[in-house]
Amino acid sequence: MEYAINTFLSGTVLVTSDCIRHKSKRATCRQCIDYCEHHALSLTENETVAVKAEACTRCGGCVFACPVMAIEGPMPQRRAEDERLYQDGESIPSLKELLLYYHEGYRTLILDESHPSWMNIVEEANTFLHSINKPPFSIISPSLNNNDSYFKREDSAIKRRRLLGIGLIQRYLKQDELPKNISLAEVFKPYQQFSIDVSTERCSLCGSCLQLCPAGVFHYQDRQFSVDTGKCVGCRLCEASCPEEALSVRPDVKESAVSSYAFHAALCPRCQRRYPSLSPDEHLCPACVVRERLRFSTQRIGMNSLNFPQ
Ligand code: SF4
Ligand code: SF4
């Protein structure tokens with residue numbers, strides 16, 4: 001099957017406003033920066049991501065390294081033929097990119113096993129596939145690959161075939177849309193990639209995770225706080241932005257399930273007002289907690305200014 005390179009996206013790498021660092025100052029994501037081996041991406045003083053054009057090789061790998069597909073740019077160019085993916089291209093694929101090829105049917109890699117970076121990512125992909133009960137990538141050494149007609153003909157049709165797009169993305173583009181939120185969780189349903197631990201003791205049901213999560217993982221409904229981990233893309237924005245440090249995101253590949261936590265009308269022992277709570281134990285309501293913190297910090301400021309020992 002022939003693939004044409006994606007001509008919809010520009011040749012320039014652009015970090016769009018979908019980057020979660022534009023949504024919250026507390027975001028910690030730097031997956032694109034860590035991915036780019038040419039150091040073409042870096043953090044600005046404002047903690048947003050900048051692209052250094054002179055260092056960028058336009059390999060396109062960062063487009064897939066971003067968990068929320070916030071980077072626009074060229075698609076990575078990879079060689080593929082007859083369900084075989086060849087080790088070449090300017091960049092090592094990210095886990096998501098490699099597994100998207102697997103999903104599109106490219107399950108054999110023509111790969112030099114002494115290449116550590118490729119082997120690391122293939123091992124990571126095979127661990128993921130093992131966890132979801134799918135066969136791993138098989139690897140054939142380039143010297144044993146008998147499918148070499150591909151390399152013997154250098155006509156323009158062959159050159160075009162070398163530019164492998166991803167069918168999934170091509171389909172999005174046919175609908176005239178940018179490929180947003182393509183995640184492993186979405187492609188490999190019903191499996192999740194991450195678990196989210198909720199501390200019912202700490203959660204104050206402030207709703208910041210609901211507002212910020214780019215994947216729609218959290219919901220409030222019928223006195224239930226529910227967490228649909230199958231949708232999580234692992235950006236960790238919820239964990240970083242939760243004011244109570246009540247959420248913790250960790251890699252955990254398994255069948256996904258929606259966790260629900262019932263909340264009830266608790267009575268604040270200080271102000272005697274009712275407030276929604278997940279915890280069965282008696283606690284101050286969020287407003288009294290804030291007052292308490294303010295009182296505490298005011299006391300500390302007072303003590304510091306008088307040079308009192310703390
Ligand atoms: S990987 Fe995506 S969301 Fe994360 S910092 Fe880079 S552009 Fe932003
Ligand atoms: S649940 Fe948290 S880590 Fe997962 S996608 Fe939403 S904000 Fe990101």
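**A cis bond and what lies around the chain**

A: Pro190 sits in the loop between helix H8 (184-187) and strand E9 (191-198). Helices here are DSSP runs of H or I with at least four residues, strands are E runs of at least two, and both are numbered from the N terminus. What makes the spot worth a look is the peptide bond from Lys189 to Pro190: this bond is cis, with omega near 5°.

Before going further, a word on what you're looking at. This is a predicted model, where local features need pLDDT of at least 70 and side-chain atom pairs count only at pLDDT 80 or more, while totals for chains, interfaces and linings use all residues. Residues are numbered from 1 along each chain as its sequence is written, and chains are lettered from A and ligands numbered from 1 in the order in which they are written.

Now step back to the whole chain. The protein chain has 11 helices and 15 strands. Of its 310 residues, 30% are buried, meaning that 20 or more other C-beta atoms lie within 10 Å of a residue's own; exposed is 12 or fewer, partly exposed is in between, and the C-beta atoms are placed from the backbone. Contacts are pairs of residues whose C-beta atoms, again placed from the backbone, lie within 7 Å. Among contacts between residues at least 6 apart in sequence, 66% join residues at least 24 apart.

Two strands count as paired if DSSP finds at least two bridges between them. With antiparallel pairing, E10, E11 and E13 form an open sheet of 3 strands, in the order E10-E11-E13. Strand E10 (218-221) and strand E13 (258-262) are at the edges with a single partner strand each, so one side of each has no neighbour in the sheet. From one strand to the next, the twist averages 20°; such angles run from 0 to 180 degrees between N-to-C directions, using axes that are lines fitted to C-alpha atoms, for helices over the stretch in contact.

E10 and strand E11 (residues 224-228) are antiparallel and joined by 4 bridges. Tyr220 stands opposite Phe225 in E11, and Gln221 has Gln224 as its bridge partner there.

Strand E6 (residues 84-86) and E7 are parallel, with 3 bridges between them, and Leu85 has Leu109 in E7 as its bridge partner.

Ser114 is in the loop between strand E7 (108-110) and helix H4 (116-131). Ser114 counts as exposed because 8 other C-beta atoms lie within 10 Å. Asn133, in the loop between H4 and E8, has a positive phi of about 60° without being a glycine. Asn133 is exposed as well, because 8 other C-beta atoms lie within 10 Å. Arg58 has a positive phi near 60° and belongs to the loop between strand E3 (49-51) and helix H2 (61-65). With 17 other C-beta atoms within 10 Å, Arg58 is therefore partly exposed.

Inside, look for the nonpolar core: a set of buried Ala, Val, Leu, Ile, Met, Phe, Trp, Tyr and Cys residues joined through C-beta atoms within 7 Å. The largest one has 58 residues, and Cys32, Cys62, Cys66 and Ile71 have the most contacts inside it. Helix H3 (residues 95-103) gives the largest share, 5 residues. Leaving out residues up to four places away in sequence, Cys32 touches Leu41, Val49, Cys62, Ala65, Cys66 and Ile71.

Conventions:
Contact = placed C-beta atoms within 7 Å.
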